[in-house]
Structures are given as C-alpha cells and as structure tokens.
Amino acid sequence: MSKINLAIFGATGLVGQKMRSILEERSIDIENIYFFSSANSAGKTIIFKGEEYTVEELTEENLKGKNIQYALCALDSHLSLKFSPIAAKMGITVIDNSSGFRMHDDKPLVVPEINGDKALGHKIIASPNCSTIQSVVPLYPIYREYGIKRIIFSTYQAVSGSGVNGIEDLKTGMWNGKNRFYPYQISGNALPHIDDFLEDGYSKEEMKMVNETRKILGDQEIKITATAVRIPVFESHMVSIAVETEKPFELKDVFELFDKEEGIVLYDDVKNNIYPMPIVTTGKDEVYVGRIRRDHSVENGINFISVADNTRKGAALNTIQILEYLLK
C-alpha cells in the first residue's frame, strides 16, 4: 500500500478530534496530512504523531496544490454540501460524516461491515448517522439470514451526539447550572427530542434512522418506526431494537450469528448481569449486542439492545474504516 496524502475537514471539532486520535492508533501509511477548519479555528496548532501542524481555513484556494487524495469530513452538513463537491472536483475522495449526502441517490451510504463495496468508484461517500450505524451492524446478519418485515427503534443517546454543546450542558447541569443548548436541563432528565420536529411529529433524527436503515440494507419495503431520546450520559448510545423477521428462527442460531459477525461483540449473560452498557463500550471499536430474547408478541420476533461509542464507531471510526476499505 503506497503512502497517501490525507486531509481532515473540521479537524478541531469533537468528531474531527476523534478522527485524529484514531488515525494515530491505526496503521494507515500517511505521507502528508492536512488539517482544515473554519476561520475561527484556523491558525491553531495540532500535535499529530509527535509533530506540530497548523490548522488552515477550509477554502478552495487552500485545498489547491497539495495533491490531497482523500479527505475525512467532520463538517456540519451545510458546510459539507458546499466544500465536498469542490474537493471532489479536485480529484479528492471525500468520506463525509455529515447528513448532507446520505439520502442522495447517487451517493453511497456505507458501513464497511455491510456494504463496503458500494464505496468503490465514488468521489463522495456518506457515512450514516451514529445510531443507524450501531443498529444496522447487528440487523444485517438477521436480514441476510431471515429477512425483516418490521423494525422498532428506541434510542437512549449520549450527549456527545450533540457535540461540545451537549457535553457542556450536562456538565453544567450536574452542578445545578442553567442549560444553554438543550430546551430543558439534561442532567437527571431524559429528553424525547433529538434534532428538529417534522410536521408528522417525528424528529429528523428518528427519520434518519428509518430512511438510512432502508438504504443501507437495500430494502425500501421494511416497515420501520423510531423514537429517539437524549439521556444524561456522556458517551455511547444504546438502541433497543425489536425486529419481526420474514422467516422463523431458533434463538440459539441468532446468538451464533452475532458471535461470528465482524464488528460485533456478543455480550449477553443475564444470569451474571452481563449486558451492554455505555460504561462498557466507550472507547471500543465494536458494537456490543445483548439482552437477546424472543419477542412473544409477534410470530417471528427478536428483541435486543445495541450499544456503541457514538463518536467513535458511530462517527469517526466508520469513516476511517471506509478509507481503509478503499485503500485495500
């Protein structure tokens, strides 16, 4: 594998910082790396693998002349919609963590454990929503083996999913300070409100899970509903998933499926209080799956929970794993 020239767009934000730290752990052979941000953060210095780098403002002019081959994009969606096409026209392959391109028909939505091959031949590749990623990783083997009629998602999402503002609101609230970002205090509370509400009463976050899951699994016929809730936890989302399958199954076979699947840690021994929790998964690469049981309310039903580090696997790591897939 030859060395690459790599950029990070949005290098100083929460996900951009996580991208940097994960890249330091991985064995990607980087010739040159460039860090870009908004004008507010331009000029800051970053230490990467023991060397000092200056953050540049992300502009078309500043992208020129660097022979950048790949960019990991941790920008907000409106900025990604502006700058990712500019970079793509320069020949840069952009792997975008924002929601900007996820539902574009001509842009692949990729989780490498499921559909890494979809990324090949594209200049802009979308990485899914954090709660979607950790849900589809365990749903995929069920879909592959048994088919899926219906999915019910109920999420319990950490404040880091809101970036530094959510983290600050939780920290402040723990000391009885006033919330500045969420509409209510998050400390000691649970907010059934993630992203903006739509006309039908669903939130954008909930509909992201519905639409992205169908796109990744390649099946628009699956019936899906979701409820997304923010909880006072710093890192790692939990998703309760109820699945109705097309075909009958044996529960022991479902356990075996999860145990063998790439990217999943089977973490289920309720007799010994072994089940996935945020304190177990924070800092880990894999999706942890547990509380697996038959849903007796439908003919072919499975209930389980999926827990994963949302800024790691749910954001930064997935984009880096897409890059690794492309480099292979």
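Contact here means heavy atoms within 4.5 Å. This is a predicted model, where local features need pLDDT of at least 70 and side-chain atom pairs count only at pLDDT 80 or more, while totals for chains, interfaces and linings use all residues. Residues are numbered from 1 along each chain as its sequence is written, and side-chain values use heavy atoms, with hydrogens and water left out.

**S306 and its surroundings**
- Setting aside neighbours within four places in sequence, S306 is in contact with Q134, S135, P138, H237, M238, V239, I241, V287 and Y288.
- S306 sits in strand β14 (residues 301-308); strands are DSSP runs of E, at least two residues, and helices are runs of H or I, at least four, numbered from the N terminus.
- S306 counts as buried because its relative accessibility is 0%; buried means under 20% relative accessible area, exposed over 50%, and partly exposed in between (1.4 Å probe, protein chains only).
- The S306 side chain reaches the backbone oxygen of Q134 at 2.6 Å.

**Helix α3**
- S80, F83, S84, A87 and A88 are the buried residues of α3.
- Their cover includes β1 (4-9), α2 (60-63), β6 (70-73), β7 (93-96) and β8 (124-126).
- Just after α3, G91 takes a positive phi of about 90°.

- Most residues other than glycine have a negative phi.
- N176, not a glycine, has a positive phi of about 65°, and lies in the loop between α6 (164-174) and α7 (204-217).
- N176 is exposed, at 74% relative accessible area.
- S236 also isn't glycine, yet its phi is positive, near 85°.
- S236 belongs to the loop between β10 (223-230) and β11 (237-245), and is buried at 0% relative accessible area.

How values were computed:
Polar contact = N/O pair within 3.5 Å; in protein donor to acceptor, adjacent residues only side chain to side chain.
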